[in-house]
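Here is a friendly walk through one protein model, meant for someone meeting it now. Take a look at the sequence and the 3D view, then read on.

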Amino acid sequence: QVQLVESGGGLVQPGGSLRLSCATSGFTLDYYAIGWFRQAPGKEREGVSCISSSDGITYYTDSVKGRFTISRDNAKNTVYLQMNSLKPEDTAVYYCATDNFGLCPSDGLRYVSWGQGTQVTVSS
């Protein structure tokens, strides 16, 4: 079965960095786009970043451009989200999810399989 497991979250001070990992199994990662989403308490789920399947084209929401970098290692079946210059407003549970068509759609409803999430807390 398709599984995605996020890791790498934790508590970090403002300005610090974290690298999240999304370990996948049960499918060939090469043919899927992987999106990162986050949800803070009382807020709607927000798309953060996505990496497409074939060309590795990346997308970022405006609030994280220049600070976050998404990458994939298909041999390891893993997608990463490097988060630098973290801000308190980045605090959320971060999820990775699959777009099975590999196209990084803007609509989160297009993503089929989701991980359990990893907590990121940015605070002094």
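Ser85 is partly exposed, because its relative accessible area of 42% lies between the 20% and 50% cut-offs. You will find Ser85 in the loop between β8 and β9. Please keep in mind that this is a predicted model. Ser85 has a positive phi of about 50°, although it is not a glycine. Why is that worth a glance? Most residues other than glycine have a negative phi.

Asn77 also has a positive phi, of about 55°, and is not a glycine either. Its place is the loop between β7 and β8. Asn77 is partly exposed, with a relative accessible area of 28%. The table puts these two loop residues side by side.

| Residue | Phi | Relative accessible area | Loop |
|---|---|---|---|
| Asn77 | about 55° | 28% | between β7 and β8 |
| Ser85 | about 50° | 42% | between β8 and β9 |

Another loop residue is Gly102, found between β9 and β10. Is Gly102 buried or exposed? Gly102 counts as buried, because its relative accessibility is 4% and the cut-off is 20%. Leaving aside residues up to four places away in sequence, Gly102 touches Tyr31, Tyr32, Ala33, Ser52 and Ser53. Gly102 and Asp55 are 47 residues apart in sequence, and their C-alpha atoms are 9.7 Å apart in space.

Now to the interior. In soluble globular proteins, nonpolar side chains tend to be buried together. Here the largest nonpolar core has 25 residues. Which of them have the most contacts inside this core? They are Ile34, Trp36, Phe68, Val79, Leu81, Met83 and Tyr94. At least two core residues come from each of the strands β3 (18–25), β4 (33–39), β5 (46–51), β7 (68–73), β8 (78–83), β9 (92–99) and β10 (118–122). Apart from this core lies another, of 6 residues, including Phe37, Ala97, Cys104 and Tyr111.

Beyond residues up to four places away in sequence, Val79 touches Leu20, Ser21, Cys22, Leu29, Ile34, Trp36, Ile51, Ile70, Ser71 and Arg72.

Next come the aromatic rings. How many aromatic pairs does a search of the whole structure find? The search finds 4. One of them joins Phe37 and Tyr111 in an edge-to-face arrangement, with 4.9 Å from centre to centre and 75° between the planes. This pair links distant parts of the chain: Phe37 sits in strand β4 and Tyr111 in the loop between β9 and β10, 74 residues apart. Both Phe37 and Tyr111 are buried. Together with Tyr95 and Trp114, these residues form one aromatic cluster.

Finally, let us turn to empty space. Rolling a probe the size of a water molecule over the atoms shows where such space is left. The largest pocket holds about 160 Å³. By type, the lining of the largest pocket divides into 8 nonpolar residues, 4 polar residues and no charged ones.

Definitions and conventions: Residues are numbered from 1 along each chain as its sequence is written. This is a predicted model: local features need pLDDT of at least 70, side-chain atom pairs count only at pLDDT 80 or more; totals for chains, interfaces and linings use all residues. Side-chain values use heavy atoms; hydrogens and water are left out. A nonpolar core is a set of buried Ala, Val, Leu, Ile, Met, Phe, Trp, Tyr and Cys residues joined through side-chain atoms within 4.5 Å. Buried means under 20% relative accessible area, exposed over 50%, partly exposed in between (1.4 Å probe, protein chains only). Helices (H or I, at least four residues) and strands (E, at least two) are DSSP runs, numbered from the N terminus. Contact means heavy atoms within 4.5 Å. On a 1 Å grid over the protein atoms alone, a cavity is a set of points where a 1.4 Å probe fits but cannot get out, and a pocket is an open set with protein on both sides within 12 Å along at least five of seven lines; lining residues have an atom within 4 Å of a point. Grid points are joined across faces, edges and corners, and a volume is the space filled by probe spheres set on the points. Ala, Val, Leu, Ile, Met, Phe, Trp, Tyr, Cys and Pro count as nonpolar, Asp, Glu, Lys and Arg as charged, and the others, Gly among them, as polar. Rings of Phe, Tyr and Trp (its six-membered ring) pair if their centres lie within 6.5 Å; planes under 30 degrees apart count as stacked, over 60 as edge-to-face and the rest as tilted.
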